[in-house]
Amino acid sequence: MPSVPNVYHAEPIPEAAIAAVQDILKTGDLFRYTSDNSTVALLEAEFARTIGSSYALAVSSCSAALFLSLKALGLSRDAKVLIPAFTFGAVPSAVVHADCIPVLCECGDKYRIDLQDFSAKLPCVDAVIISHMRGHTSDMDAIMALCDAAGTPVIEDAAHSLGTTWHGRNIGTLGKIGCFSFQSYKLLNAGEGGIMITDDADLIARAVIMSGAYEHNWKKHPVLQTAFANWQNKLPLYNQRLNVLSAAVIRPQLDELPRRVSQGRRNHDYVAAQLNQSPSLYVPAKLPPEERAPDSIQFNLVDMPDDQVAAFIAAAKTAGLNVQVFGQSADNARAFWNWQFLDDIPDLPKTRAMLMRACDVRLPARLSLQDCDIIAGIILDAAHHATAHTHLPA
């Protein structure tokens, strides 16, 4: 029997990155502001050019990018920020950290924002974070039209969507600010790290200073000298800079991005076609304007009662594959009712129902189609086992 592929291993770090790290270690020059043209600054320029944005700021995580985005918008204390209820717990955490109040919006069984609930709550908020959770794009045409009409700024949490496009335009460039992740499970892997992008010169100047460009270190950013000077000594320093070693690891991976996007999409669509052959499994299709860059696959368990869901999870695990059902564990950080640090957790029945049957399996680009066959086979067999051998109580 072929072995089950390890879906948690990352791709090897490119040799060019290893060589760059070794060169930096020999100098001991690890701080982004030691030199005038640091590796971090080079990464920012290259990333902005790749994604199609005017400015980029590399920081310690995508959560830091979200936090700095909210602070750079100048929101008042207790400002309300609308976020999807299907997101990672770091998103409402960033809102709380920015002294704002998260307002949760319903998401449906295709993992996307419920536009009716979104439009109903929009008039009561000061900003919006759109999490493209697990790389699923909500209807950005409708969302941007609503937010533009309301004059409400949009931050895109694109942690899972680097390489995804909407009408041919990179996700992250649709709103006022886009935030990306370099965490080890993302398409660009530095272990930790993040980056924010925008076309707004004043906004990026505020974010740069607050990220930790103290005294006159902002002069080492090759843009916006006038905008920076306006904010000197007027903003707090949160010290959320990216270090030089992380930037050196990321830069050579930018050349790998097109391949990783292509292979990730191939693997996702290949497995999705197999899973959709089962009446017990459903992989929602992408929206027409969307071209995804997935590194995982999500699917719903169809008409399975709780005992069958438990049997499905157990059968897959026995076969060597860990299938996460978002709502079926007491500590999953993607289930909104586990965000007990919030003062008020609303009742969101659509999102809760979705999370109780929505499954998640990593499907990295490095896998072969043979690996994908093994993973799809385990999921299909587990679904068949669960529905054939468990029954509702009489």
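Helices (H or I, at least four residues) and strands (E, at least two) are DSSP runs, numbered from the N terminus. The model shown is a predicted one, in which local features need pLDDT of at least 70, side-chain atom pairs count only at pLDDT 80 or more, and totals for chains, interfaces and linings use all residues. Residue numbers start from 1 along each chain as its sequence is written, and side-chain values use heavy atoms, with hydrogens and water left out.

View 1. Asn-233 sits in the loop between α8 (225-231) and α9 (244-250). Its phi is positive, about 65°, although Asn-233 is not a glycine. Most residues other than glycine have a negative phi. Asn-233 counts as exposed, at 71% relative accessibility; the word exposed stands for over 50% relative accessible area, buried for under 20%, and partly exposed for values in between (1.4 Å probe, protein chains only). His-167 is not a glycine either, and has a positive phi of about 55°. With a relative accessible area of 54%, His-167 is exposed.

**View 2. Helix α6 and its buried side.** Take a look at α6 (residues 140-150), where Met-140, Ile-143, Met-144 and Cys-147 are buried. These residues lie on the same side of α6 because they cover an arc of only 90° around the axis, the arc being that of the directions from the helix axis to the C-beta atoms. Their cover includes α5 (115-121), β4 (127-131), β5 (154-157) and β6 (165-166); contact here means heavy atoms within 4.5 Å. At the start of the helix, a side-chain oxygen of Asp-139 comes to within 3.2 Å of the backbone nitrogen of Asp-141. This is a polar contact (a pair of N or O atoms within 3.5 Å; within protein, one must be able to donate a hydrogen and the other to accept it, and residues adjacent in sequence count only if both atoms are side-chain atoms). After α6 comes Gly-151, with a positive phi near 70°.

**View 3. Val-95 and its surroundings.** Val-95 belongs to helix α4 and is buried, at 0% relative accessibility. Leaving out residues up to four places away in sequence, Val-95 touches Leu-70, Val-81, Ile-83, Cys-100, Ile-101, Pro-102 and Ile-129. Ser-63 is 32 residues away from Val-95 along the chain, and their C-alpha atoms are 9.4 Å apart.

**View 4. Val-59 and its surroundings.** Val-59 is part of strand β1 (residues 55-59). Its relative accessible area is 0%, and Val-59 is buried. Apart from neighbours within four places in sequence, the contacts of Val-59 are Ala-64, Ala-65, Leu-68, Gly-193, Gly-194, Ile-195, Ser-211, Gln-240, Arg-241 and Leu-242.

**View 5. The largest pocket.** On a 1 Å grid over the protein atoms alone, a pocket is an open set of points with protein on both sides within 12 Å along at least five of seven lines, whereas a cavity is a set of points where a 1.4 Å probe fits but cannot get out; lining residues have an atom within 4 Å of a point. The largest pocket holds about 640 Å³ of space, a volume being the space filled by probe spheres set on the points, with grid points joined across faces, edges and corners. Its lining has 30 residues, and those nearest the centre are Arg-134, His-160, Gln-183, Lys-186 and Arg-334. Elements giving two or more residues to this lining are α3 (62-72), α4 (90-97) and β14 (358-362). By class, the lining has 10 nonpolar, 12 polar and 8 charged residues (Ala, Val, Leu, Ile, Met, Phe, Trp, Tyr, Cys and Pro count as nonpolar, Asp, Glu, Lys and Arg as charged, and the others, Gly among them, as polar).

**View 6. The second largest pocket.** This pocket has a volume of about 320 Å³. Of its 15 lining residues, Ile-101, Pro-102, Leu-342, Asp-343 and Asp-344 lie nearest the centre. Strand β3 (residues 101-105) gives the most to the lining, with 4 residues. The lining holds 9 nonpolar and 6 charged residues, with no polar ones.

**View 7. The cavities.** The structure has 2 cavities of 30 Å³ or more. About 170 Å³ is the volume of the largest cavity, and among its 16 lining residues Ala-10, Glu-11, Lys-186, Leu-187 and Arg-362 are closest to the centre. The second largest cavity holds about 60 Å³ of space; its lining includes Ala-159, His-160, Lys-186 and Asp-295.
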